[in-house]
Amino acid sequence: MIIKKGIRRQIVLHYFLVVFIALLLIEVIFLIALRSYYYDTVYNHMVNHIRTANDFYQPFRLTSSDNVNQLSEMVRHFELYNTELQILNPAGQVLSTSTGFEIEQTIKTSDVTQALAGNTSRWIGKQQGTGQIVMAVSQSVSNGFENTYILRYVTSLEYVNDKLMKMTLFAVSIGAAVLAIVLAFSIGLANSIVKPLNNITTVSAQMAKGKFNVRIKGDYKYELGELSSTLNYMAQEIVRSNQVKDDFISSISHELRTPLTSIKGWSETLDSGGYDPEETKIGMQIISKETDRLIGLVEELLDFSKLQQNEMKLVKGIVNLRELLQEIMLNLWTKAEKKGVQIKLESDEKPIIYGDVNRLKQVFLNIVDNAVKFSHENGVINLYFAMEEKFVIVTVQDHGIGISDEHLRRVKDRFFQVNPLNGGTGLGLAITQQLVELHGGTMEMESELGHGTAVIVKLPLPEGKIPMAGGLENGEEDAAGPMA
Ligand code: ADP
């Protein structure tokens with residue numbers, strides 16, 4: 001079977017190789033051990049026999065090597081079942097055999113030479129004449145003076161080798177079966193990885209072409225499951241952000257259109273002439289206000305695009321946060337008063353930080369402006385400072401309409417608005433958050449629908465001692481008209 005290049009082939013090949021090598025090692029060791037066990041058994045059997053033969057040699061003190069009767073008597077006595085017994089003289093000539101065959105050549109195999117040296121050892125090799133593989137074990141017997149004979153037992157290893165061969169075949173076929181199982185298993189495993197991957201690749205290729213409504217189906221496990229859910233999530237997020245962008249375009253068009261319509265209306269009216277100076281003044285004021293609104297809108301968009309491209313540069317200096325918040329309270333006073341909303345600065349601290357005063361003003365103006373915008377009539381907005389070792393925490397707490405959990409997660413997203421009819425672009429908090437982060441701080445929001453919202457801005461204090469200095473005199477700064 002040919003598997004084309006890829007993970008599948010890698011996995012199958014690795015599994016196969018590892019198991020193959022392991023099996024090969026085990027089988028070789030097993031077969032070597034088996035062979036030596038069988039050979040040892042045969043050898044021990046012969047050695048045990050030969051030792052007893054030696055012990056009982058005494059009655060057969062041969063008087064002369066020519067005594068054929070005595071020799072054959074000895075052969076009969078020491079014979080071993082299934083084994084040929086040869087009696088040799090020290091020169092290696094065969095004097096008598098249990099099979100009765102006469103052997104002409106002298107025998108000089110290692111077992112014989114070892115026997116002459118007084119040792120017992122085995123010799124395995126091809127028997128002359130029959131060509132069979134045999135094992136021979138020899139021992140010299142002597143009556144102490146005159147005659148020395150060598151008892152040589154020769155047994156065929158055919159049977160043992162036959163058995164070993166069968167065992168080898170058996171082991172090899174078991175090995176082959178194991179390999180086949182491993183192969184099937186590894187192909188299965190490889191498929192369980194490769195098939196989902198192929199599926200994921202196909203779907204993500206479609207996504208890459210802009211088809212974001214496709215989803216990776218299939219309940220994959222572990223990393224593949226994570227990969228597919230991440231991709232699905234990505235597609236869903238792209239769809240969502242496209243939707244947000246479309247909403248943005250329609251809301252921005254609306255935002256542009258309202259002041260433009262008003263400006264156009266008033267300029268045409270004034271152009272037609274015939275109005276008294278009072279009416280003309282009102283018209284001009286409206287045109288100016290709407291133009292400001294347009295400028296504000298465009299500036300917000302410019303800021304946003306600068307932040308997006310990392311081109312926002314902070315002009316840093318010493319900033320007195322208390323003064324800054326008081327200025328914002330003054331800025332928003334008219335707007336707050338119209339709703340009867342009170343803005344209260346609740347803490348006495350005068351934190352000084354190192355930052356861009358205009359950008360920080362923009363941050364808190366947006367947050368407090370939102371608080372006013374989403375407060376109920378005659379509501380209260382509380383501003384707090386809390387000092388930490390390295391940070392100052394500014395909290396803007398309103399008791400207005402609040403934000404549901406589902407929306408809270410998204411309010412800081414660009415272009416997101418809970419209700420697009422409220423005006424605005426949905427960029428405010430996105431810009432605010434990025435500006436705070438540019439200052440090395442964080443912005444969190446906590447809210448409960450129907451109960452109000454808290455925006456918590458954490459800004460780093462300058463390194464070293466905590467500056468608590470304030471350029472303002474106590475008393476006068478908190479008295480900001482109805483907001484105090
Ligand atoms: P916008 O410039 O349109 O106000 P923001 O990013 O400032 O955009 O705010 C996004 C949305 O978050 C708002 O449309 C509003 O729904 C919600 N939001 C912000 N601040 C508050 C608040 N203090 N109380 C309730 N809703 C708020």
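The questions and answers below go through a predicted model, asking how its descriptions follow from the computed values.

Q: What does the domain assignment give for the protein chain, and how far apart are the C-alpha centres of domain 1 and domain 2?
A: The assignment divides the chain into domain 1 (7–163), domain 2 (222–308) and domain 3 (317–466), and the C-alpha centres of domain 1 and domain 2 are 106 Å apart.

Q: Why are helices α1 and α4 called roughly antiparallel?
A: The axes of α1 (residues 7–55) and α4 (residues 158–208) cross at roughly 165° and come within 9 Å of each other. An angle over 145 degrees counts as roughly antiparallel, and therefore α1 and α4 are given that description. Their crossing is right-handed, and the residues of the contact divide into 30 nonpolar, five polar and four charged.

Q: What makes α5 roughly antiparallel to α6?
A: Helix α5 packs against helix α6 at an angle of about 155°, with the two axes 9 Å apart. Because angles over 145 degrees count as roughly antiparallel, the pair α5 and α6 falls in that class. The crossing of α5 with α6 is left-handed. Among the residues that make this contact are Phe248, Ile252, Leu256 and Trp266 of α5, together with Met284, Ile287, Leu294 and Leu301 of α6. By class, the contact of α5 with α6 has 14 nonpolar, six polar and four charged residues.

Q: Why are α7 and α9 called oblique to each other?
A: Helix α7 (residues 321–331) and helix α9 (residues 357–373) have axes 10 Å apart and pack at an angle of about 50°. Angles under 35 degrees would count as roughly parallel, and those from 65 to 115 as roughly perpendicular, so the pair α7 and α9 is described as oblique. The crossing of α7 and α9 is right-handed. The α7 side of the contact is made by Leu321, Leu324, Leu325, Glu327, Ile328 and Asn331, and the α9 side by Val357, Leu360, Lys361, Phe364, Leu365 and Val368. Sorted by class, these residues are nine nonpolar, one polar and two charged.

Q: How do you know whether Leu383 is buried or exposed?
A: Leu383, which is found in strand β9 (residues 380–387), has a relative accessibility of 0%. Buried means under 20%, and therefore Leu383 counts as buried. Leaving aside neighbours within four places in sequence, Leu383 has contacts that include Leu325, Met329, Ile343, Leu345, Val368 and Val396. Thr395 is also in contact with Leu383, and the C-alpha atoms of Leu383 and Thr395 are 5.7 Å apart although the two residues are twelve residues apart in sequence.

Q: Why does Ser121 count as buried at 18% relative accessibility?
A: Ser121 lies in the loop between α3 and β3 (122–126). The limit for buried is under 20%, so the 18% of Ser121 places this residue in the buried class.

Q: What makes Ile103 partly exposed?
A: Ile103 sits in the loop between β2 (94–97) and α3 (110–116), and its relative accessibility is 25%. Buried would need a value under 20% and exposed a value over 50%, so Ile103 is called partly exposed. Residues up to four places away in sequence aside, Ile103 touches Glu84, Gln86, Val94 and Thr97. Between the C-alpha atoms of Ile103 and Thr120, which are 17 residues apart along the chain, the separation is 22 Å.

Q: Why is Tyr222 called exposed?
A: Tyr222 lies in helix α5 (residues 222–272). Its relative accessibility is 64%, and because exposed means over 50%, Tyr222 belongs to the exposed class. Phi of Tyr222 is near 50°, a positive value in a residue other than glycine.

Q: How do you know that Asn310 counts as exposed?
A: Asn310 is in the loop between α6 (277–308) and β6 (317–320), and its relative accessibility is 66%. As exposed means over 50%, Asn310 is therefore classed as exposed. Asn310 also has a positive phi, of about 60°, although it is not a glycine.

Technical notes. Residues are numbered from 1 along each chain as its sequence is written. This is a predicted model: local features need pLDDT of at least 70, side-chain atom pairs count only at pLDDT 80 or more; totals for chains, interfaces and linings use all residues. Side-chain values use heavy atoms; hydrogens and water are left out. Helices (H or I, at least four residues) and strands (E, at least two) are DSSP runs, numbered from the N terminus. Buried means under 20% relative accessible area, exposed over 50%, partly exposed in between (1.4 Å probe, protein chains only). Contact means heavy atoms within 4.5 Å. Axes are lines fitted to C-alpha atoms, for helices over the stretch in contact, and angles run from 0 to 180 degrees between N-to-C directions. A crossing is left-handed if the near helix is turned anticlockwise from the far one by less than a right angle, and right-handed if clockwise. Ala, Val, Leu, Ile, Met, Phe, Trp, Tyr, Cys and Pro count as nonpolar, Asp, Glu, Lys and Arg as charged, and the others, Gly among them, as polar. Domain bounds come from an automatic or database domain assignment.
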